[in-house]
Amino acid sequence: MTPAEATVLFERAGAMLSGHFLLSSGRHSDRYVQKARVLEDPVSAMDLAREMASWYGRIEAVVAPAVGAIPLGFAVALAAQARSLFAERETERMALRRGFAVGPGERVLVVEDVVTTGASAGEVWDLVGDLGAERLGVAALIDRTATPPAFPLRAVLRVEAATWDPAACPLCREGRPIDSPGSRHLA
């Protein structure tokens with residue numbers, strides 16, 4: 001799947017949004033990718049998952065950060081014929097719970113939906129490394145990073161979008177209402 005084909009897929013699903021958004025990272029942006037709109041279609045989800053799985057050889061386990069990336073991680077694991085696990089926040093750190101484990105030397109792919117700061121994906125990357133796994137990389141649907149992350153990242157789409165610290169957000173200064181369409185909502 002080429003980036004142009006993926007862009008058409010996301011646009012057709014109504015997943016490419018413009019406005020004033022609160023991102024999961026806490027930053028504000030003028031663009032948002034509502035990946036759930038693409039993943040709600042199992043055929044599209046599996047097309048994307050097969051593409052992501054094809055980038056790596058012999059994937060034995062996929063680990064996704066909870067909650068948003070769990071369905072995508074499962075789809076990539078299915079495409080790769082690998083185990084599907086997810087990491088959850090336990091106090092201040094990501095952890096494997098529910099009996100999930102990765103073994104030393106196990107070939108693990110971290111799967112994330114959207115990478116903006118890389119914080120969650122980076123925590124999972126570190127977690128599987130600390131457990132002795134052979135880390136293959138981080139595969140994502142969308143790369144929105146402003147600076148290269150501290151892990152090898154490959155994404156289906158690169159989306160250029162301005163992001164701001166809330167205190168410096170020009171959209172807030174204009175008084176534009178903010179939307180929080182992701183898994184973390186406004187209070």
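At 5% relative accessibility, F21 counts as buried, a term that stands for under 20% relative accessible area, with exposed meaning over 50% and partly exposed the range in between (1.4 Å probe, protein chains only). Y32, at 12% relative accessibility, counts as buried by this cut-off too. The model is a predicted one, in which local features need pLDDT of at least 70 and side-chain atom pairs count only at pLDDT 80 or more, while totals for chains, interfaces and linings use all residues. Residues are numbered from 1 along each chain as its sequence is written, and side-chain values use heavy atoms, without hydrogens and water.

The structure holds three aromatic pairs, where rings of Phe, Tyr and Trp (its six-membered ring) pair if their centres lie within 6.5 Å, and planes under 30 degrees apart count as stacked, over 60 as edge-to-face and the rest as tilted. One of them joins F21 and Y32 in a tilted arrangement, 5.5 Å centre to centre with 35° between the planes. This pair links distant parts of the chain, since F21 lies in strand 1 and Y32 in strand 2, eleven residues apart; helices (H or I, at least four residues) and strands (E, at least two) are DSSP runs numbered from the N terminus.

Helix 1, residues 3-12, has A6, L9 and F10 as its buried residues. Seen down the helix axis, these fall within an arc of 95°, so they line one face of helix 1, the arc being that of the directions from the axis to the C-beta atoms. The face turned away from this buried side carries the exposed residues A4, E11 and R12. Just after helix 1, G14 takes a positive phi of about 75°.
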